[in-house]
Amino acid sequence: MKIIGITGGVGAGKTEVLEYLSSRYGATVCQTDQIAKKLQKKGGVCYDAIVGYFEKSILDEKGELDRERLAGIVFSDPVKREALNRIVHPAVKTEVDRLVLHEKRKDTNLFLIESAILIEAHYVDMCDEIWYIYVEDHARRNRLHYSRGYDSEKIEKIAAAQLPKEQFLKNCDRVIDNNGVFAETMAQLDEIVKDL
C-alpha cells in the first residue's frame, strides 16, 4: 500500500484533489480535520481536555464545542493554538495509525492522508511521499472569500497560522500546481499516479 500525504494551505483545493484520486483510482481518503472534529465531539477522547483548558465559554447551547468561537481564539493566540494542538494531534495520529493498519489488512492500494499541518504534525514519517497542492496566495484568498464566505481578517489569521510556501516546498516530494483549470491538475495527478 502506498501512503501519500496531501498538504497545502487552506483554499488550495486539496478536497477536489482527494475526490478525484478517490473516484478515478479508488484511493482511500483520510482527512485529519474530519477525524479531529469527531474526536472533539461530546464523548470524544479530546472533548474533556479541551473544555478543561478553554473552559465552558467555548461550548454551544447543546454542550458541544463552538468551533467558530474556538477557531477565533486559537487563530489569534499562538499559545492557545499550541495548547489545543497538544491535546488534539496525538489523538488524531493514533486514529490515523489505526486506519492505516486497517487499510493494509484490506489490501488497499492507495491511502491518502490529507492535512494542512501534515509537516508540523510529523505525518511525514508514516508517508511514502508528500504532495503539496500549490495555489498562488491571491487565488487561495479569493476562493476562501467567495466559496466559504470568509472575511479578510479571518483569512489573514488562518494564513498567518500556516507554514510559508518555502517550508512546504522544502518538505514535499511533489508539487501539484492547482492554479489553472482543474483538468490541468487532473493531468498532473494522472502522470504522478502512473509514476507510483
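This is a predicted model: local features need pLDDT of at least 70, side-chain atom pairs count only at pLDDT 80 or more; totals for chains, interfaces and linings use all residues.
**Glutamate 129 and its surroundings**

At 16% relative accessibility, glutamate 129 counts as buried. The side chain of glutamate 129 makes a polar contact, at 2.8 Å, with the side chain of tryptophan 131. When neighbours within four places in sequence are left aside, glutamate 129 is in contact with Ile3, Ile4 and Gly5, and also with Asp173, Arg174 and Leu196.

**Strand β1 and its partners**

Strand β1, made of residues 2–7, is mostly covered, since five of its six residues are buried. β1 pairs with β3 in the parallel sense over five bridges, and in β3 the bridge partner of isoleucine 3 is phenylalanine 111. The pairing of β1 with β4 is also parallel and runs over four bridges, with tyrosine 132 in β4 as the bridge partner of threonine 7.

**The nonpolar cores**

The largest nonpolar core holds 34 residues, of which Ile50, Leu65, Leu70, Val92, Val96, Ile113 and Tyr123 touch the most other members. Two or more residues of this core come from each of α2 (32–40), α3 (47–54), α4 (67–74), α5 (78–105), β3 (110–114) and β4, and α5 gives the most, with six residues. Apart from this core lies another one, of 19 residues, which includes Ala12, Leu110, Leu112 and Trp131.

Isoleucine 50, leaving aside its neighbours within four places in sequence, is in contact with Gln40, Glu55, Ile58, Leu65, Leu70, Leu84, Ile87 and Val88.

Which residues of α2 are buried? They are Thr32, Ile35, Ala36, Leu39 and Gln40. Seen down the axis of α2, these buried residues fall within an arc of 130°, so they line one face of the helix. An α-helix has 3.6 residues a turn, so residues three or four places apart point the same way. The cover over the buried residues of α2 includes β2 (28–31), α3, α4, α5 and β3.

Lysine 42 is placed in the loop between α2 and α3, and at 49% relative accessibility lysine 42 counts as partly exposed. Apart from neighbours within four places in sequence, lysine 42 is in contact with Tyr47, Lys62, Gly63 and Glu64. The C-alpha atom of lysine 42 is separated by 33 Å from that of isoleucine 133, and the two residues are 91 residues apart along the chain.

**Cysteines**

A search of the whole structure finds zero disulfides.

| Residue | Relative accessibility | Class |
|---|---|---|
| Glutamate 129 | 16% | buried |
| Cysteine 127 | 12% | buried |
| Cysteine 172 | 12% | buried |
| Lysine 42 | 49% | partly exposed |

Notes
Residues are numbered from 1 along each chain as its sequence is written. Side-chain values use heavy atoms; hydrogens and water are left out. Buried means under 20% relative accessible area, exposed over 50%, partly exposed in between (1.4 Å probe, protein chains only). A polar contact is a pair of N or O atoms within 3.5 Å; within protein, one must be able to donate a hydrogen and the other to accept it, and residues adjacent in sequence count only if both atoms are side-chain atoms. Contact means heavy atoms within 4.5 Å. A nonpolar core is a set of buried Ala, Val, Leu, Ile, Met, Phe, Trp, Tyr and Cys residues joined through side-chain atoms within 4.5 Å. The arc is that of the directions from the helix axis to the C-beta atoms. A disulfide is a pair of cysteine sulfur atoms within 2.5 Å. Two strands pair if DSSP finds at least two bridges between them.
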